[in-house]
Amino acid sequence: MGFYSRYIFPRIMDMALSREDHTELRVKLLAEVEGEIMELGLGSGLNLPCYPSAVTKLAAIEPNPGMQPLAKSRTASSDITVMYHRLSGDTLPVEDSSFDCVVSTWTLCSIDNISRAIKEVHRTLKPGGKFFFLEHGLSDDPSVAASQRRWNPVTRRLLGGCNINRDIKSIVKSGGLQIATLDRYMLQSTFKIMGNMYQGVAVKPRE
């Protein structure tokens, strides 16, 4: 991992994703999270203050070692015990049906093998378990979508592998999860190619 990816990019992301409007979205998404929880892409720990008080421990997947120093202060001030796993989300070191909830915020865009990762989410959730996601992705507007496809090679290079043209709804469903709720909206505080949001909850069917 190069100097930019380990030391510069984590600080850019921490600054970009710590705005007040992002925090409000996190709080809304996480309000009903409970039980045994795994978070894909802990990043700099911005979700930690947003979890309900009932959440006491969290399995955190984070491949970039440069993120952990930034998360340290938030982890220290949180009542949540964080168990770090320095891995990508496409290979999770846990047994089948281990978690009540899996959380992903601004993470699915940058996992290389996204098809495998979403299948891992399904595998590790308990039957009836929930996947809470808050992601940016492909626009429904054809002109914006065309711009996203054109700019995607640039964002992948500059923003840690970030893909701005992924169809998050289709990706979530491809793993065998059933979407229970889904809100689509545009974040007004960012560029159109970056601000097409998918916020929802998907459920692993009971056998």
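This is a predicted model: local features need pLDDT of at least 70, side-chain atom pairs count only at pLDDT 80 or more; totals for chains, interfaces and linings use all residues.

Modeller: Residues are numbered from 1 along each chain as its sequence is written, and side-chain values use heavy atoms, with hydrogens and water left out.

Colleague: In what order do the elements of the protein chain run from the N terminus on?

Modeller: Helices (H or I, at least four residues) and strands (E, at least two) are DSSP runs, numbered from the N terminus. The protein chain has 6 helices and 7 strands. Their order is α-α-β-β-α-β-β-α-β-α-α-β-β.

Colleague: What is the radius of gyration of the protein chain?

Modeller: This radius is taken over C-alpha atoms, and the globule rule used for reference is 2.2 Å times the number of residues to the power 0.38. For 207 residues the rule gives 17 Å, and the value for the chain is close to that, so the chain is as compact as a globular protein of that length. The radius of gyration is 16 Å.

Colleague: What percentage of the residues of the protein chain count as buried?

Modeller: Buried means under 20% relative accessible area, exposed over 50%, and partly exposed in between (1.4 Å probe, protein chains only). Of the 207 residues, the share that counts as buried is 48%.

Colleague: Why do the buried residues of α4 line one face of the helix, and which elements do they pack against?

Modeller: In α4, residues 114-124, the buried positions are Ile114, Ala117, Ile118, Glu120, Val121 and Thr124. Seen down the helix axis, they fall within an arc of 150°, taken from the directions from the axis to the C-beta atoms, so they line one face. An α-helix has 3.6 residues a turn, so residues three or four places apart point the same way. The elements packed against are β1 (37-40), β4 (99-105), β5 (125-136) and α6 (168-174).

Colleague: Which exposed residues does α3 carry on the face turned away from its buried side?

Modeller: Met67, Leu70 and Ala71 are buried in α3, residues 67-76. They fall within an arc of 90° seen down the axis, so they line one face of the helix. That buried side packs against α1 (3-16) and β3 (81-85). The face turned away carries Pro69, Lys72, Ser73 and Ala76.

Colleague: How far apart in space are Leu134 and Met197, C-alpha to C-alpha?

Modeller: Leu134 is found in strand β5 and counts as buried at 0% relative accessibility. Leaving aside neighbours within four places in sequence, its contacts (heavy atoms within 4.5 Å) include Trp106, Tyr185 and Met197. Leu134 and Met197 are 63 residues apart in sequence, and their separation in space is 7.1 Å.

Colleague: Is Ser97 partly exposed or buried?

Modeller: Ser97 is placed in the loop between β3 and β4, and has a positive phi of about 55° although it is not a glycine. Thr124 touches Ser97, among other residues. With a relative accessible area of 32%, Ser97 is partly exposed.

Colleague: What is the relative accessible area of Trp106?

Modeller: Trp106 lies in the loop between β4 and α4. Although Trp106 is not a glycine, its phi is positive, at about 50°. Trp106 is buried, and its relative accessible area is 13%.
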